[in-house]
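Please look at the sequence and the 3D structure below.

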Amino acid sequence: MKACVFALLAVLAPPAFAQQRAPDISFDSVPDFLELPPGTNFGEVPGVAVNSKGHVFVFTRSNSAGGPAFAPAAAQLLEFGPKGEFLREIGKGLYGWSEAHTVRIDKDDNIWAIDKGSDMVIKFNQAGRVVMVFGRRKESADEETKPWEHVDPPLPAVDGLFRQPTDVAWDSAGNIYITDGYINSRVAKYDKNGDWVKSWGEKGSGPGQFSLPHTIAIDSHDNIYVGDRTNRRIQVFDTDGTFLRMFTIDVPPDPASRAVNGNTPTGARLAAVVGQPNAICITPGPHQVMFVGESTFPGRIFKVSLDGQVLGVIGRSGRQLKQFSGAHQLACPSEYEIYAAETANWRVQKLVLHPQPAAQSVGIHVICSMGIRGAMEKILPEYERASGRHVEIEYGASAALKRTIEGGQAFDLAILTPTVIDDLINENKITAGTHTDVARSDLGVGIRAGASRSDISTADALKRRLLAATSITYAKEGAATAAFNEMIRRLGIADATASKTTLQTVSGRPAESVAEGEHELVLAPVSELHVRGVDVLGLLPAEFQSPLIMTAGIGAQSTNADAVRALLQFLAGPKAAPLIKASGMESLAKK
């Protein structure tokens with residue numbers, strides 16, 4: 001089986017996410033674990049957290065029956081013992097309560113409640129006393145007090161104030177990071193004393209931008225994981241807010257599952273919600289893993305390695321035990337114990353996971369340039385069937401993946417440009433002597449499928465076509481970017497095309513943007529033009545060709561050397577050659 005996480009990859013058309021598969025994880029849900037006082041019930045449950053003593057904290061949208069029918073205050077913070085027994089309510093009648101969103105516990109067992117409605121983050125000590133507040137609730141007497149509007153362009157963010165914050169996390173130095181949130185689309189940073197440091201992010205879909213930063217978690221190495229929900233991705237940053245990488249979860253749902261509320265999405269609507277990160281938690285200990293709660297539908301929970309590999313799938317959409325209406329928040333005190341807060345099902349489930357067989361979670365991890373993605377999607381199923389081994393693959397731009405490897409990401413095999421492979425060999429990241437050329441691709445021009453065609457076989461013809469285009473796009477740091485920049489310079493049209501040219505920062509996005517009608521022409525290796533909705537207009541004239549070479553190398557720290565060599569031999573051998581050709585590339589297998 002194969003688990004594929006497409007790093008630096010935008011949302012694809014519906015057939016694309018079906019490329020990823022992951023094993024189901026066997027688990028149990030403990031019935032009626034939390035014992036509420038007689039006659040009381042939860043409302044929607046958006047938040048759950050567990051402290052070092054095993055106490056469970058539930059932030060529920062309850063206590064609203066005495067309010068108006070529309071927009072009542074809905075927030076109660078409840079504490080339960082390690083056996084599920086009810087202990088107390090914290091912050092009863094608190095001024096900061098309006099619309100419960102999430103709850104977190106820090107390393108000192110302080111309790112942090114994030115209230116979306118009051119725009120506040122409130123820190124309680126273990127005794128339940130308020131010790132610090134962040135943000136400020138609008139004053140009820142103010143004339144302009146009303147819900148925030150989603151205006152376009154968004155209003156400028158203000159230091160120290162929030163607009164519908166969503167979550168909080170801490171690094172090893174105690175610095176505080178708050179996702180802010182539904183309106184401001186940013187991450188705010190405070191120091192351990194509560195003093196403002198900075199914020200980063202803005203509305204958008206590029207790296208470092210957010211549509212809805214809904215959840216945040218930090219690993220033991222101070223990598224910050226932000227669940228950008230409606231952009232359907234998890235972005236990773238350092239503590240200064242520098243973008244490191246991002247990945248998506250592309251596991252197709254069980255076709256028999258149905259949405260708890262509303263019509264069950266299909267087609268493009270389904271592709272837009274698969275893998276949306278509603279919640280993230282990271283386990284403690286030296287061998288950390290991540291659990292990701294998917295949005296309301298398909299509503300599953302995923303076990304994910306910190307480098308973005310999907311290790312398994314937990315549950316499906318539904319109302320029964322072991323089914324979910326989307327985990328709005330997760331708490332994972334261990335790799336085998338998870339608490340899932342559900343809004344639509346008004347409950348918290350305690351999940352006990354069964355250990356996975358080793359064969360399900362161990363595979364060959366490949367880091368791969370987007371330039372050979374089409375070929376790899378044809379080759380890997382054949383290799384897996386022939387070898388009985390599964391392959392996990394992460395796609396991105398060679399330059400970006402080089403930074404990821406230099407940052408310490410583990411991998412078994414890299415397939416990148418020759419220069420990058422050689423640089424990594426010199427840095428002792430790739431084993432010397434394993435440099436293997438696999439495939440090559442000419443450079444070309446793509447148009448939207450069915451669009452009118454024109455000749456680009458000569459320099460003059462290509463120049464006329466580029467000048468006539470309403471818009472042009474290509475990758476900002478792709479393997480062929482330098483060749484395209486030089487071609488435009490030599491044609492003498494740099495100034496004439498500058499205002500209508502978009503350099504894409506997300507791998508795979510240039511061709512997809514043409515398929516979606518955002519741009520008229522795309523410049524790319526021909527292997528990257530084999531995308532649904534795109535036709536190859538033609539190859540660049542010979543004087544502008546700088547063919548893309550894809551080269552493989554074995555990771556210097558790989559612990560799976562024999563299996564990796566077998567995969568490399570398959571890629572560079574005769575069995576893979578026709579599959580490479582079918583993807584628009586030429587195999588460089590030795591005859």
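## Strands, a hairpin and a sheet

E44 stands opposite R61 in β4. Strands here are DSSP runs of E with at least two residues, and helices are runs of H or I with at least four, numbered from the N terminus. Strand β3 (residues 44-50) and strand β4 (residues 56-61) run antiparallel, joined by 5 bridges. Two strands count as paired if DSSP finds at least two bridges between them. The hairpin of β3 and β4 has 5 residues between the strands, and G54 takes a positive phi near 85° there. In β3, 6 of the 7 residues are buried, so this strand is largely enclosed by the rest of the structure. Buried means under 20% relative accessible area, with a 1.4 Å probe and protein chains only.

The model is predicted: local features need pLDDT of at least 70, side-chain atom pairs need 80 or more, and totals for chains, interfaces and linings use all residues. Residues are numbered from 1 along each chain as its sequence is written, and side-chain values use heavy atoms, without hydrogens and water.

Next comes an open sheet. Its 5 strands follow the order β34-β33-β35-β32-β36, with mixed pairing. β34 and β36 stand at the edges with a single partner strand each, so one side of each has no neighbour in the sheet. β33 and β34 pair in the parallel sense. Within this pair, A475 stands opposite Q504 in β34.

| Strand pair | Sense | Bridges |
|---|---|---|
| β3 and β4 | antiparallel | 5 bridges |
| β33 and β34 | parallel | 4 bridges |

Note on methods
Buried means under 20% relative accessible area, exposed over 50%, partly exposed in between (1.4 Å probe, protein chains only).
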